[in-house]
Amino acid sequence: MIRYIIRRLLYMIPTLIGVSLLTFLLFFGIFSPETVARRNLSAKTPTQEQITTWIKEHGYDKPPVEQFKRHMDSLLRMNFGKSDKTKEVIWDRIHEGALPSFELASLSFLVTLGFGLFLAVVAAYLRGSYIDSVTMALAVVFMSIPIVVYVVGLQFLFGKILKYGPIAGYEPGIWGLRFMVLPVLVGLVSGAGYYVRLYRTFLLDETGQDYVRTARAKGVAENAVLFKHVLKNAMIPVVTTTVSAIPTLILGNLVLESFFGIPGLGSYLVNAISAQDFAVVRAMVYLGTLLYIFGLILTDVLYAALDPRVRLQ
Amino acid sequence: MNRTGSLRPRILFIVTLGLGLVGCSNNPNPPEWNEDGTWYGALAADLTNLDPNVSYTATDGVISDLIYPSYLHFNYLKAAPWSVEPNIGLTEPVRVPFKGVTHTDKGDIPFEGERWDFELRHDLMFQDDPCFPVGKGRPVTAKDMEYSFKRDDNPKVEFPLEGNLSDKVLGWKEYRKGFEKNGNANYDQPFEGFKTYPENPYKFSILCNQKYPQLKYIMAMHFTTPVPREAVEKYGDGFKLFHPVGCGPYKLQEYSPRDKIVLVPNENCTMATYPGTWGPGVPEEARQDAGKKLSRHRIVVKIIVEPVTSYSLFNQGYLDTTSVGTTNSHFMLPATKPGSDMTKRGITIQYGAYPSIDYCGFNMEDNVFGGYKLEKKQLRQAIALSIDSKAYIETVYHGMGNPSEFIIPPGLAGYDKGYQNPYRQYDPSLKKAKELLTEAGYPNGVSKKTGERLVLNFDTYVESPIDRARSRLMTKQISALGIQVVTRDTTYPTFVDKTNHKKIQFFYWGWVADYPDAENFCMLMFSQNVSPGPNNTVYNNPAYDKLFLQMQAMDDGPQRNEIVKKMRDLSVEDCPIIYLSENQFPTVFQPWVKNKFANPILNDVLEYRAVDSKRRQALQNEWNAPSYGLLIATLVIVVVGAIPAFQTVQRRRGRTVRKPAGGEKD
């Protein structure tokens, strides 16, 4: 397994370089350094001298190969530098934004996952009953509605009708959890349907296996069949789908953070693209790739740990 | 039994948590700040730069102008026309004409210049900050104004109005070159255009090589605020956002990106009184504190990018004011109509004016639609007549604005209220427009020469549903002439790039004044400002240019207005621009807000507004009393709905295919 992990970590290097190169080519394929300078300078109509100075100051006057080498060198050393637009240190912004993003995303993820799994177990357990049908129908309905509808609807419900808890804002610490209730609820109603349907399918797949039939034939009670045998084996695909979501826990959720005033990283990359802030774009893409690769390695490792049939070579 | 028993604490925990959440207040603000008169506002975008010599966005200005006061400032109670008065200045600036000579390679060129003399108040102090010895703020002198002015001239500082000053202030270009050679040591070199007086540390002069009446507006912007050199040198890039150091009424206590900005009174600032004079139409409630010393309070400005969220918080009473724009007007305006729930609660809306216009333009260098021949003018005039400004204002601004007849908006000297642009009088039958189109050689939009339908490429940016609606409306209106309109929608940066490189044919654009002077609008058609400058139509009429240069150097008055009229008549006939709207900027106030007056040209409005915190508290409590009925009903439905499920679970719980022989072993 160690060899496998080392090999995967080594594969990471060309992947990171490839993604960074693609980002570099796409960005400067669309925008010229002059366009980027115009966008980042504060004047409505900057002078040619200001544009030239800005380009030189930020090193965008160098040959592309040299620029890319410089970018890659700093990225590999995890030195993200300063934002082209605001000049603030990018790591500082990531540090500040990662915690609120993680707080919201992890809470939302855990609650949604837990609730989704619970309903999936209920639906699978009561397969063919009206409860199963109603659960599945509601899951499809809730999945089909855009998240913005839930945001606006629940803000109206909680803010104007029920008047429980704050509808937007952020505060670190335990007392700040009150700000998380509504966004987590939105995450739950918009996301649980997906998990219910997916996990119900995994559970039903397992219930058709030979070992389940054997257990039943031995006279094992339905509860024991489901909770002791089926659920345990169904956890393998559950873990796979869960761990691959880890990068999104840190990189934030654009919609929830924007609507609920949570100062996370959800809008950082999007705003940087709009502002043509290449320093931030390359840093966030690099970080996202890194987290995603780690997420996938972790998935493989957990897969092997949970399923004795799987060997990492 | 054991299983049920272990569930009980969990259920109890969930119920307690639920009750806790239901019982907790929905007020997102700390209770102690709610009681002490803290002002709560919101910005729709995060800060980008608070460096006073660079900061240029309206959102940055709301904060930076409270920290960095300017020599002059706009009177809060005078709008359209606006008026500038001394702020950190002891006196009004004095303008002294003088004659000078510019030395060039081709010999000496004489000029008739103007010296502006200023004197700062003698009681100004910078805020306390670790950049000063012992952390105590020091007195502000003319040397700090000089340093700020020199920073404006440093190419690395990115001063946005460099183009305005570079050809007017004496020695500007030469001093600028010095930064290339000397770096920051250039700040210690003398600057020909800026003079300080050793005998009076508060006096300074700015020397211009021509009459420059607009300098008074530059001196009313934070670009010319005193800047402590110690702060810039200590904080470097940090000076831009996290460590602003000024001498204004407020100082930054906390800036949490994408969350909030907290400002507290600057204890070293003793100035600031509420205006004692006011313009016409100022409501009585805004005049109650006239001439009184301003009371200071904490200011919390939240960064809320989604208009729905700021609307909801305002509706609950947790924001003291909110502004209305294109993104929220479709729900803010109906919500504040007479008789609405909000107005019954005492919430009021005020319509403020800000000099700005929306317009469409033709690329005057385009082969089909550009040019100055009669048929080209007629073609543009015909298209201008096909666009209905009222429909545009209704679609884009939900009625907030008035049709525009010329480039100068109301409130500015040179604006002619009675003027009717002959090519902006929309007639639904399009009779005159079709006649002009025929005369231009395109009857019903088809070329007489080639028999081909005329195609107009409409370049615009689409970043919101409103942008798309605007694009669709104008396409539909112009198409009524028989012209095929091809919309080339792009993102905003791409659109700007295309306009800068003149890769456009017909485009939508707008202009928001840097300062309230007709010159700041008329220059949009001055040929020396062509793209990538602000003249994106690339309009080039020497007669217009000559008049512009004349009016630019004149003070407001009847003579200048006459010149503006001539410029108007010339440009309206050439028709490079189709004027659409003069915009309004409403502000909505809570009933507890004191000194309500909408004057959006001021960035530092929060200095003048205050709250009656007791009334705010009482009304917030009244408006936000929780409702338990719906919660109980929901719980009942869930419990009743779950009963059959529990029954089914109970039935299946011990069910087996057959009785186990020796019990379960696995």
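Strands E6 (194-197) and E7 (200-208) of chain B are among the elements that cover the buried residues of helix H4 (residues 142-152) of chain B, where helices (H or I, at least four residues) and strands (E, at least two) are DSSP runs numbered from the N terminus. In this predicted model, local features need pLDDT of at least 70 and side-chain atom pairs count only at pLDDT 80 or more, whereas totals for chains, interfaces and linings use all residues. Residues are numbered from 1 along each chain as its sequence is written, while chains are lettered from A and ligands numbered from 1 in the order in which they are written. Helix H4(B) is mostly covered, with nine of its 11 residues buried; a residue is buried if 20 or more other C-beta atoms, placed from the backbone, lie within 10 Å of its own, exposed if 12 or fewer, and partly exposed in between. The buried residues of H4(B) include B:Met145, B:Phe149 and B:Arg151.

Chain B also contains an open sheet of four strands in the order E1-E10-E9-E8, with mixed pairing, two strands being paired if DSSP finds at least two bridges between them. Strands E1 (39-43) and E8 (250-256) of chain B stand at the edges with a single partner strand each, so one side of each is left without a neighbour in the sheet. From one strand to the next, the twist averages 20°. Between E8(B) and strand E9 (residues 260-265) of chain B, the pairing is antiparallel and runs over six bridges, B:Val264 in E9(B) being the bridge partner of B:Lys251. Helix H3 (residues 58-67) of chain B packs on this sheet, touching E1, E8, E9 and strand E10 (299-303) of chain B, and its direction makes about 140° with that of E8(B). Such axes are lines fitted to C-alpha atoms, for helices over the stretch in contact, and angles run from 0 to 180 degrees between N-to-C directions; residues are in contact if their C-beta atoms, placed from the backbone, lie within 7 Å.

Elsewhere in chain B, B:Lys417 is found in the loop between strand E13 (401-403) and helix H14 (431-439).

Chain A has 14 helices and zero strands, and its C-alpha atoms fill a box of roughly 85 × 60 × 35 Å along the principal axes. Of its 313 residues, 35% count as buried. Among contacts in chain A between residues at least 6 apart in sequence, 71% join residues at least 24 apart.

Definitions and conventions:
Contact = placed C-beta atoms within 7 Å.
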